[in-house]
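Dear colleague,

Please find below the structure that I am handing over to you. My notes on its salt bridges follow it.

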Amino acid sequence: MISLAPGAEQNAFAQMLSDLLKQNLESKPHKHKDFTALDGTVALVADDAEVALTLEFRSGILTLHDGIKGIPDVAVRGSADAIMNLSNMPLTRPLALPIPTDRAALDVLTTMVRATRTGELKIFGMLGNVGLLSRLTRVMSVNG
């Protein structure tokens with residue numbers, strides 16, 4: 001279901017993200033529906049760590065590649081912390097919308113909005129791929 005492409009096993013960011021997604025899917029089985037619906041490629045570039053990876057979703061299978069592979073549908077660029085904060089995004093049920101329900105959730109959402117406003121986090125291709133990005137956020141989030 002989730003695998004590392006040859007060469008990606010040397011990418012610590014790919015390893016960490018693979019582990020996070022496996023844990024989320026194992027501990028929250030309801031995320032499988034969003035995971036299997038993912039179809040497309042997402043590049044993640046952590047500028048401060050000088051590392052990039054591509055998540056390739058096809059028919060319920062995720063392959064993580066070292067670096068940017070091809071032309072991704074969505075590219076997320078920023079600091080490693082800003083990118084990993086996507087996994088802390090507060091999500092409400094049943095629609096999994098990013099609506100804060102407590103102070104900690106509000107802090108996470110505020111941090112994410114600030115990061116996009118200041119340019120610390122940039123998301124390219126979002127408008128044409130809202131569904132892909134929304135599902136990925138739900139699968140990555142340790143909440144919801």
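**Salt bridges in the predicted model**

R138 and D34 form a salt bridge, their closest N and O atoms lying 2.8 Å apart; the term denotes a side-chain nitrogen of Lys or Arg within 4 Å of a carboxyl oxygen of Asp or Glu. This pair links distant parts of the chain, with R138 in helix α5 (residues 130-140) and D34 in helix α2 (residues 32-37), 104 residues apart. Helices (H or I, at least four residues) and strands (E, at least two) are DSSP runs, numbered from the N terminus. R138 and D34 are both buried; buried means under 20% relative accessible area, exposed over 50%, and partly exposed in between (1.4 Å probe, protein chains only).

This is a predicted model, in which local features need pLDDT of at least 70 and side-chain atom pairs count only at pLDDT 80 or more, while totals for chains, interfaces and linings use all residues. Residues are numbered from 1 along each chain as its sequence is written, and side-chain values use heavy atoms, with hydrogens and water left out.

In total, the structure holds 4 salt bridges. Another of them joins R77 to D47 (2.8 Å, N to O). Here R77 belongs to strand β5 (residues 74-78), whereas D47 sits in the loop between β2 (40-46) and β3 (51-58), 30 residues apart. R77 is partly exposed, at 38% relative accessibility, and D47 is partly exposed as well, at 37%.

A further salt bridge pairs K69 with E56, the closest N and O atoms being 3.2 Å apart. K69 counts as partly exposed because its relative accessibility is 39%, whereas E56, at 18%, is buried.

Yours sincerely
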